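Take a look at the model below. We will go through it step by step, starting from a single residue.

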Amino acid sequence: MTDDRNRSISDYLPIAVRAYVPTKNLEKKQFSKFIGLDEPSEWVLIFDTETTTDTSQNLRFGVYQFRCGSALREKGIFYNPSALNSAEIALLKSICKRNNLEFRSRTDFIENVFFGMAYEFRATIVGFNLPFDLSRLAFSHSPARRSMRGGFSFALSKNSYWPNVQIKHLSRRAALIQFAGAGTQKTARGARRRKIKTAVRRGFFVDLKTLAAALTSQNYSLGSLAEFLETPNRKQETEKHGEKLTEQYVYYAIMDVQVTWECFQKLKERYSQHGLTKTPPHRVFSEASLGKAYLKEMGIKTWRELQPDFPPEMIGHILSTYFGGRSEVRIRREIAQVLYCDFLSMYPTICCLMGIWNWVTAQGVEYRDATREAKVLLERITIADLQYPGLWPQLATLVQVKPDGEIFPVRAAYENNQYYTIGLNRLSSDQTFWFTLADCLAAKFLSGKTPYVVSAMSFWPKPIQEDLKPVAIIGNPEYLIDPTEDDFFKRLIDLRTKTKERKKTVLAAEAEILDVEQMALKILANSTSYGISVEINVEERAGSIEAPCYGPGNELFTVKTKKVEKPGTFFHPLLGTFVTAGARLMLAITESLAKDRGLDWAYCDTDSFAFAKPVEQTEREFLKDVEDIREWFVPLNPYESRGSLLKIEDANYRRANGKPTKELDPLYCFCVSAKRVALFNVDDCGTPILRKASGHGLGHLVAPYQEGETSSLIPAPAVPLKELGVERWQYDFWYRIVQAALSENAGLVITKDLPHFDQPAAIRYSATTPELLRWFKSFNESKPKSKQVWPFNFLYLFLAERETFVSPFSQLNEGDSNSKPADSSLEIPRPISPYQSSPIDASKTCFDRDSGLPVKADRLKSYANALTQYHFHPEVKFLNGDFVDRGTTERRHVFATSANLIGKEANKWEEQFYLGLNPEDQPDYGLDQTDRKLKLLQLRQAAKKYGVSKLAKAAGISRQHLSSILKGKSQASNRVIVELEAAAKRFANIGKVTA
């Protein structure tokens with residue numbers, strides 16, 4: 001380590017890198033063959049439930065239709081006798097009689113319709129938000145096992161020959177739903193003797209919320225979906241749910257099921273247009289499912305299927321280079337004039353430039369040592385060379401470097417945070433790490449220094465697979481793609497561009513159809529260009545298993561883990577890491593070109609870049625510089641429609657009559673941290689006009705008020721909320737933040753006139769896993785089942801004040817760079833409450849989810865208090881990014897003291913978004929073997945110097961445990977190693993003081 005480097009280092013940190021932990025199928029395979037088809041019959045059951053609005057959300061009654069094709073064979077109402085009084089039951093019976101509807105009890109419906117007809121006839125079971133409705137039918141539940149672990153198993157019938165229904169939550173949009181194995185033996189004795197097994201009848205469940213989101217990339221309620229699909233009938237308005245049953249309410253519920261059926265028909269018709277015969281609708285869970293379905297339709301075999309013997313240690317090296325998108329704030333908490341640009345279809349574009357489609361259709365991957373070539377290329381290459389598209393396929397190379405202050409993606413727990421953040425920072429280390437060649441080029445351009453190459457490995461695709469066939473996208477023959485001739489990603493974007501142009505020239509009805517088509521093309525391009533290649537699903541087991549772990553080093557070691565990572569069907573980590581690294585290189589080129597012209601930048605996010613205008617520049621000079629940079633990317637455009645890949649966004653243009661003009665209007669931004677940004681114009685009176693804002697850090701909260709309740713002191717949005725990217729209350733809050741930033745006191749955001757900001761801040765989620773339901777264990781214990789919190793019931797979470805509340809404004813003084821928020825060491829409860837129709841009512845009955853003790857309402861944070869520090873949120877991955885810091889952030893210089901190996905970072909991302917970050921949700925495999933050996937060597941030296949007993953006592957472990965670790969008989973956990981290191985440092989510091 002050089003003296004200069006040592007002086008410049010700002011942080012000595014362990015960094016985290018992705019690792020590969022393959023696990024074998026632990027289930028015993030008792031049968032070699034299976035009999036059974038994953039294909040429903042023509043029968044369809046559509047149903048919906050109406051529930052109480054108390055904490056139990058118990059079933060009151062339900063409505064169903066049973067159809068054969070489109071022909072209605074039976075419709076009816078089923079009811080829960082224990083939830084309705086005699087008058088309400090009589091009302092339901094009367095309505096059924098008058099409308100020729102079947103009238104059944106819940107038990108009757110389950111035995112004779114749900115199982116006796118739908119299950120036996122292999123019907124498709126359809127609903128909107130099916131997990132909730134299915135769970136209403138159950139009389140008991142338990143945690144699901146094996147592949148459905150983390151989900152629920154529901155018993156609907158007390159007859160053992162009917163199976164349970166298993167549901168595993170995936171996201172707010174989707175869940176895995178299936179029948180468990182039935183209680184009776186389905187495989188005949190002779191078949192069992194010949195090792196032939198009749199497949200378990202898993203059922204065919206279609207949740208319209210899931211299918212609609214996959215096909216349109218939008219979230220819908222049943223009402224908004226019916227509006228979008230223009231169904232013959234629409235969802236009706238009704239009185240409040242849960243009140244005394246009325247005839248109007250029952251007819252409302254009957255119409256809901258009819259609308260559900262019509263939405264299903266429309267979505268099925270829309271899906272059938274894609275012509276995806278190999279993937280039925282009940283197997284579509286997301287946009288990625290749609291992308292996979294097209295690849296299967298072309299006959300493309302997966303990389304893991306074609307090359308199962310690819311070296312696992314190399315997969316470990318590949319995954320260690322994966323970092324995802326780059327999101328950073330450069331100018332923090334100060335207003336800057338910007339020109340906001342983004343790249344045209346960034347990930348599909350990188351796929352085109354690097355020839356990724358050739359990899360997708362290849363028979364596998366070839367590789368060889370390319371150390372010499374990588375060294376020469378890194379030494380000689382300039383940014384100008386990258387304007388040549390033919391160079392980009394050569395970037396399919398991994399490089400092992402010994403970092404010495406170059407700028408690389410660095411994943412670390414900055415400022416002692418519990419979770420990892422990725423920042424583009426200077427990195428130094430005494431050990432080596434793998435990066436993509438694209439990241440090495442970015443490091444050279446941004447730091448002005450060529451990384452030291454230890455070794456490199458170059459990859460290229462094998463010849464194309466055989467028997468591939470063309471597909472017509474959305475069934476349109478004009479959208480035919482031949483996988484052997486066309487670049488799939490290029491063709492999709494070209495088709496989308498043409499569709500958007502056609503949309504401008506046709507009548508409204510046809511324009512709407514074309515809009516759907518262009519959106520489908522966009523979804524397909526994005527879902528197949530990146531996400532499916534790095535798909536890993538984490539399954540939690542009841543007990544730990546041992547598995548090999550492969551990281552950036554060459555030494556294999558074994559880890560114990562309960563979190564099993566299972567790669568997705570089209571898992572191909574080379575593609576995932578090359579594409580995301582290529583996008584980071586695009587941003588690095590943009591940043592370098594801006595720097596060469598004396599421009600700064602305010603923020604960037606995956607595919608967007610906000611150029612900041614220097615104060616001394618004129619508007620014309622600024623626009624000319626940005627235009628020159630945009631022009632630089634023209635040669636890289638792979639599409640039929642020419643022009644720069646770097647586009648000027650609509651937010652930069654003045655609006656007239658509700659639409660953007662071609663006249664640029666000075667645009668400003670206020671950035672807090674990554675993902676917390678607002679863009680705005682300023683009118684002649686100095687009033688902000690918001691053009692774009694971020695809901696990050698706000699979207700988990702229940703809206704405190706609706707659009708009609710907003711403050712009269714805040715002007716209505718100048719652009720549609722959908723274009724702004726936020727809800728109305730979030731727009732109002734950002735307006736106040738920007739208004740404060742334009743004033744002399746940027747820290748004082750006025751919220752007192754925002755409706756209900758004095759009420760407890762509420763977060764609504766559902767009891768989607770057995771783990772979450774256990775929060776209500778003590779609540780449920782003393783109650784009958786009909787009054788308990790049930791799986792998939794809604795719940796509320798609240799934020800508690802600390803015992804001694806200190807106003808943030810008393811500590812967050814603009815001039816005090818050392819000030820911090822209130823003491824985080826004080827214990828605070830984690831309040832939850834079962835569902836009630838009003839969050840305010842729920843706040844009066846909440847309790848601590850850990851202890852079960854009640855939490856008083858006056859301990860709960862209001863919206864105003866919960867959001868007091870929103871506009872101070874730190875950008876911890878950079879210097880000058882602390883709470884009250886303002887101005888330009890600076891890159892840290894991190895010295896990597898060790899490498900901690902981790903699994904999927906986004907595991908349970910949705911749950912953490914709503915319920916708070918939990919580091920334990922992320923698979924953590926501990927130190928790299930090389931680091932572990934080095935740590936043990938250092939600990940042996942410390943034990944020899946200070947004594948085993950003394951070191952063990954200081955670290956809080958037994959002498960026998962430490963002796964076993966030092967002799968290599970026991971494996972120390974990360975926590976124990978950290979404690980031992982800290983103890984050794986304390987002894988060393990005492991020695992220095994004594995000396």
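Start with Arg122. Arg122 sits in the loop between helix H3 (106-119) and E7. Its backbone deserves a look too. Arg122 is not a glycine, yet its phi is positive, at about 55°. Most residues other than glycine have a negative phi.

Asp467 also has a positive phi, about 65°, and is not a glycine. Find Asp467 in the loop between strand E22 (453-461) and strand E23 (471-472). Is Asp467 buried or exposed? Asp467 is exposed, with a relative accessible area of 73%.

Remember that this is a predicted model. How far can we trust it? The mean pLDDT of the protein is 89, and 91% of its residues reach 70 or more. Over residues 26-36 the pLDDT stays under 50, and the model gives them 20 contacts beyond four places in sequence. Residues 804-825 also have a pLDDT below 50, with 37 contacts in the model beyond near neighbours in sequence. Where pLDDT is low, the predicted coordinates should not be read in detail.

Now go to the sheet. Six strands form an open sheet in the order E6-E5-E4-E3-E7-E13, and the pairing is mixed. Which strands are at the edges? They are strand E6 (102-105) and E13, each of which pairs on one side only. From one strand to the next, the twist averages 25°.

Strand E5 (residues 71-79) runs parallel to E6, and four bridges join the two. Tyr79 has Ser105 in E6 as its bridge partner. Helix H4 (residues 130-137) packs on the sheet. H4 touches strand E3 (43-51), strand E4 (59-68), E5, E7 and E13. The direction of H4 makes about 80° with that of E3.

Ile125 stands opposite Phe205 in E13. Strand E13 (residues 204-207) is covered on both faces. Phe204 and Val206 are buried on one side, and Phe205 and Asp207 are buried on the other.

Next comes helix H6 (residues 208-216). Eight of its nine residues are buried, so H6 is largely enclosed by the rest of the structure. Among the buried ones are Leu208, Leu211 and Leu215. What do the buried residues of H6 pack against? Their partners are E7, E13, helix H7 (222-229), helix H8 (247-272), helix H9 (287-297) and H17.

Follow H8 to Arg270, which lies in that helix. Arg270 has a relative accessible area of 19%, so it counts as buried, the cut-off being under 20%. Leaving aside neighbours within four places in sequence, Arg270 is in contact with Leu215, Thr216, Phe228, Leu229 and Val516. Leu215 and Thr216 are among the buried residues of H6.

Finish with two helices. The axes of helix H12 (residues 346-354) and helix H17 (residues 508-529) come within 8 Å and cross at roughly 60°. The crossing is left-handed. Tyr347, Pro348 and Cys351 of H12 make the contact with Ala525, Asn526 and Ser529 of H17. By class, four of these residues are nonpolar and two are polar, with no charged residues.

Note on methods
Residues numbered from 1 in each chain as written. Predicted model: local features only at pLDDT ≥ 70, side-chain atom pairs only at ≥ 80, totals over all residues. Heavy atoms only, no water. Axes fitted to C-alpha atoms, helices over the stretch in contact; angles between N-to-C directions. Left-handed = near helix turned anticlockwise from the far one by under 90°. Contact = heavy atoms within 4.5 Å. Nonpolar A, V, L, I, M, F, W, Y, C, P; charged D, E, K, R; others polar. Buried < 20%, exposed > 50% of the residue type's maximum accessible area, 1.4 Å probe, protein only. Pairing = 2+ DSSP bridges. pLDDT = per-residue confidence, 0-100.
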